There are 4 protein chains.
Amino acid sequence: MSAPNPPSAEKETGRLEAFSDGVIAVAITLLALDLGVPHQEAGHPWHGLVHALADQWPIYMAYLLSFLTILVMWVNHHNMFKLIERIDHLFLLLNGALLLLITLVPFATSLLAEYIEQSDKKSAQVVYAGTFLAMALVFNAMWRYAARQGGLLSATADQSQVRSITKQYSFGPLLYLTAFLIAFISAEVSLAVCIGLAVFFAIPSNLLQRTPAI
Amino acid sequence: MSAPNPPSAEKETGRLEAFSDGVIAVAITLLALDLGVPHQEAGHPWHGLVHALADQWPIYMAYLLSFLTILVMWVNHHNMFKLIERIDHLFLLLNGALLLLITLVPFATSLLAEYIEQSDKKSAQVVYAGTFLAMALVFNAMWRYAARQGGLLSATADQSQVRSITKQYSFGPLLYLTAFLIAFISAEVSLAVCIGLAVFFAIPSNLLQRTPAI
Amino acid sequence: MSAPNPPSAEKETGRLEAFSDGVIAVAITLLALDLGVPHQEAGHPWHGLVHALADQWPIYMAYLLSFLTILVMWVNHHNMFKLIERIDHLFLLLNGALLLLITLVPFATSLLAEYIEQSDKKSAQVVYAGTFLAMALVFNAMWRYAARQGGLLSATADQSQVRSITKQYSFGPLLYLTAFLIAFISAEVSLAVCIGLAVFFAIPSNLLQRTPAI
Amino acid sequence: MSAPNPPSAEKETGRLEAFSDGVIAVAITLLALDLGVPHQEAGHPWHGLVHALADQWPIYMAYLLSFLTILVMWVNHHNMFKLIERIDHLFLLLNGALLLLITLVPFATSLLAEYIEQSDKKSAQVVYAGTFLAMALVFNAMWRYAARQGGLLSATADQSQVRSITKQYSFGPLLYLTAFLIAFISAEVSLAVCIGLAVFFAIPSNLLQRTPAI
């Protein structure tokens with residue numbers, strides 16, 4: 001486990017990254033399947049395609065938010081793996097749980113888009129913010145497991161940098177927990193918090209003097 | 001075939017792994033397409049989104065089970081290829097048969113989710129457990145073909161380790177054959193066995209002192 | 001263009017292969033989307049799930065045939081690229097045309113599955129066999145363009161081997177042209193020829209003393 | 001940032017390219033999902049499958065145009081990354097915006113195919129040409145950001161070649177702006193311009209003595 005086979009260890013991480021990239025790429029592209037073309041229905045007055053598209057604004061807003069959130073998650077996944085050198089079976093399972101949650105995002109997005117203008121909007125937003133909260137929790141668990149006694153990290157990883165990242169990553173779950181809890185009171189405020197978080201995490205870190213986190 | 005071109009052999013395995021990863025990544029993500037958003041139908045009483053989602057529990061259960069089973073299959077595929085150095089045409093075909101079965105999982109999952117609460121549930125569970133049985137059989141055939149006289153394995157693979165893996169892998173088909181046969185008597189018991197097997201194979205091997213197997 | 005940058009040339013081929021693998025992996029997995037779950041319709045007598053699945057035999061047969069044909073195409077694409085070292089813009093376009101045809105296979109497969117038991121079956125089989133014929137023609141054009149004066153091949157490629165492959169590859173279009181023309185007379189015979197060709201091309205070459213070809 | 005870790009920088013670019021390839025491969029394959037099989041509807045006269053397929057010509061034309069446009073975009077993305085050695089957070093976001101637009105192409109294509117023969121065709125073509133215009137703008141922004149003071153380019157990139165590419169790339173947005181503006185006057189002319197641009201950008205550059213651009 002020490003020095004004999006670094007190339008094999010390299011290859012192992014590479015295939016996990018490639019598989020994760022594949023799942024994330026398919027999930028982020030499937031989001032667009034929910035952007036249905038509006039049909040002109042017989043017997044209904046038709047106010048034109050522009051109006052029909054404008055009426056679908058919740059679908060586009062949910063699409064943009066979910067795309068940005070998955071993209072930020074991919075950037076973080078990518079940054080985490082730059083520090084990781086080895087993987088083990090439990091880490092594979094945690095990564096699998098993260099991928100499962102990412103593949104659920106298109107479903108949660110459809111749910112939100114369909115119910116955001118209806119009376120059940122709070123339930124839909126609870127599911128939506130809950131999916132993001134679960135993603136933030138699993139992502140944190142992955143990092144903490146990898147960094148625990150430096151278990152899976154590269155030998156060249158700086159310990160003070162590792163502690164700094166651990167501290168920064170722990171804000172993500174707290175912020176998404178807030179959004180999740182607010183969803184039980186107001187779907188709109190919770191959604192606004194989710195939008196704010198996605199934009200905040202997407203801003204280049206050199207503008208905010210921090211490392212990207214979720 | 002001996003030493004002249006190791007880089008080309010390396011590249012060959014790499015592209016087969018990448019293609020397999022692509023197919024598995026798409027199949028595992030397409031599972032989520034079956035998670036339809038419940039619609040409020042005109043003329044039907046509406047008990048709210050929470051009830052509607054709760055009524056879909058078979059869809060979520062089947063989704064989780066299929067996701068976990070494909071994930072475990074990917075982990076095993078990944079572990080097998082760490083020992084494989086060369087591929088030939090018949091091995092490509094066996095791998096193709098495994099990919100075919102993996103792409104059938106979303107269909108078998110939809111079938112199970114739709115019929116698990118109906119009178120035809122046994123037929124649906126026979127198809128579902130049968131798909132997993134076929135996956136276990138083809139996976140075993142791949143390993144045995146690769147290990148036969150060490151044909152496709154890395155020259156550094158330890159023969160006693162290879163025999164040990166062959167022995168462990170042979171339990172997968174037997175266990176899934178049991179689940180398959182039980183499906184003709186009770187869909188629920190067969191499904192419970194499938195859940196148990198997926199969880200068992202997913203548990204980190206260091207907790208059970210064994211190599212992952214299917 | 002001669003010797004200065006071999007690593008960059010290597011990378012170029014690698015990304016084209018990865019992109020092609022991605023498209024082929026998605027297309028081969030999307031085939032399974034056509035395997036719809038049979039629904040029990042109100043007002044219709046229901047003979048059970050087993051009968052309903054058995055009635056869908058054309059869908060399963062078309063699925064298997066299309067999966068095998070795309071898989072054989074991937075194997076051939078993979079074998080071709082083992083001999084190719086450089087790519088140019090026209091080769092990228094030819095590869096793009098091949099990918100376009102491969103992404104059309106799920107559509108042609110759905111068409112065939114829906115019409116094989118109806119009066120318009122000949123039209124559907126003309127489209128289906130025509131798609132395979134076009135794939136074989138474009139694949140041949142790629143090989144001939146790459147091998148022309150050894151333009152894109154590895155410097156180590158043996159000229160007599162190259163001429164032998166060129167000769168063998170030229171049978172694919174002729175065989176698929178036959179299947180295509182028969183489709184105007186009999187859908188069933190043309191389909192049987194397509195099945196025979198897919199099985200023939202999939203058989204390991206050491207059993208037939210030939211190189212795989214389409 | 002200078003010489004200490006070239007292998008890590010290499011890997012970073014590699015994973016961004018692989019993720020981008022995955023998203024583009026899924027998006028280009030999802031285009032084919034819009035190619036629906038025509039169904040023989042009860043109560044409607046049926047003029048045969050050939051007529052039904054011929055009536056769908058706008059779907060096939062839109063499919064071909066969108067496939068070619070995404071393919072050309074992939075070729076350009078590929079060519080750009082041959083010159084790029086480093087990436088930063090803002091570049092990741094710009095690349096993310098490009099991927100978002102590429103995943104919108106199947107939606108814009110469906111919209112165009114459905115409305116090109118209806119009275120709202122201008123609105124549909126505004127969305128379609130607008131998507132391509134946005135892609136050309138974001139692609140240009142990526143290149144200009146990467147080339148700004150040679151920030152993200154390989155140290156071996158020739159400055160005069162870089163300035164020449166910058167000049168050539170700037171034509172793409174101007175040409176697509178023209179197509180976009182024409183869409184407000186005539187959907188057909190705007191669509192013809194889009195077809196012309198896709199064909200022009202796809203022609204091998206050695207025939208036109210220029211570098212591929214969008």
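This is a predicted model: local features need pLDDT of at least 70, side-chain atom pairs count only at pLDDT 80 or more; totals for chains, interfaces and linings use all residues.
**Chain fold, helix packing and copy-to-copy contacts**

Followed along its sequence, chain A shows the pattern α-α-α-α-α-α-α-α-α, which amounts to nine helices and zero strands.

**Fold of chain A**

- Of the 214 residues in chain A, 50% are buried.
- Among the contacts in chain A that have a separation of 6 or more, 79% are accounted for by residues 24 or more positions apart.

**Packing of α5(A) against α7(A)**

- The helix α5(A) and the helix α7(A), which covers residues 171-183, pack at an angle of about 165 degrees, and their axes are 8 Å apart.
- Because angles over 145 degrees count as roughly antiparallel, this angle makes α5(A) roughly antiparallel to α7(A).
- In passing α7(A), α5(A) makes a left-handed crossing.
- On the side of α5(A), the contact is made by K122(A), Q125(A), V126(A), A129(A), G130(A), F132(A), L133(A), A136(A), L137(A) and N140(A), while α7(A) contributes G172(A), P173(A), Y176(A), L177(A), A179(A), F180(A) and A183(A).
- Sorted by class, the residues in the contact of α5(A) with α7(A) are 12 nonpolar, four polar and one charged.

**Chain A with chain B**

- Chain A is superposed on chain B by a rotation of 90 degrees with 0.0 Å of shift along its axis, at an RMSD of 0.0 Å.
- The two copies are therefore related as by a four-fold rotation axis.
- The contact between them involves 26 residues of chain A and 24 residues of chain B.
- On the side of chain A that touches chain B, the elements giving two or more residues are α1 (6-30), α4 (89-115) and α5 (121-147) of chain A, and of these α4(A) gives the most, with 14 residues.
- This side of chain A has 16 nonpolar, seven polar and three charged residues when they are divided by class.
- Only 12% of the interface residues of chain A are also interface residues in chain B, so the copies meet through different surfaces.

**Chain D with chain C**

- A rotation of 90 degrees, with 0.0 Å of shift along its axis, superposes chain D on chain C, and the RMSD is 0.0 Å.
- Here too the copies use different surfaces, since 12% of the contact residues of chain D recur in chain C.
- Chain D supplies 24 residues to this contact and chain C supplies 27 residues.
- At least two residues of the side of chain D that touches chain C come from each of α1 (6-30), α2 (49-55) and α3 (57-83) of chain D, and α1(D) provides the largest share, eight residues.
- By class, the side of chain D that touches chain C divides into 16 nonpolar, five polar and three charged residues.

**F200(C)**

- F200(C) is located in helix α8 of chain C, which spans residues 187-202.
- With 13 other C-beta atoms within 10 Å, F200(C) is partly exposed, because a residue counts as exposed at 12 or fewer such atoms and as buried at 20 or more.
- Along the chain, F200(C) and N95(C) are 105 residues apart, and their C-alpha atoms are separated by 24 Å.

Definitions and conventions
Residues are numbered from 1 along each chain as its sequence is written. Chains are lettered from A and ligands numbered from 1 in the order in which they are written. Copies are superposed by least squares on the C-alpha atoms of residues with pLDDT of at least 70 in both. Two residues are in contact if their C-beta atoms, placed from the backbone, lie within 7 Å. Helices (H or I, at least four residues) and strands (E, at least two) are DSSP runs, numbered from the N terminus. Ala, Val, Leu, Ile, Met, Phe, Trp, Tyr, Cys and Pro count as nonpolar, Asp, Glu, Lys and Arg as charged, and the others, Gly among them, as polar. Axes are lines fitted to C-alpha atoms, for helices over the stretch in contact, and angles run from 0 to 180 degrees between N-to-C directions. Angles under 35 degrees count as roughly parallel, over 145 as roughly antiparallel, 65 to 115 as roughly perpendicular and the rest as oblique. A crossing is left-handed if the near helix is turned anticlockwise from the far one by less than a right angle, and right-handed if clockwise.
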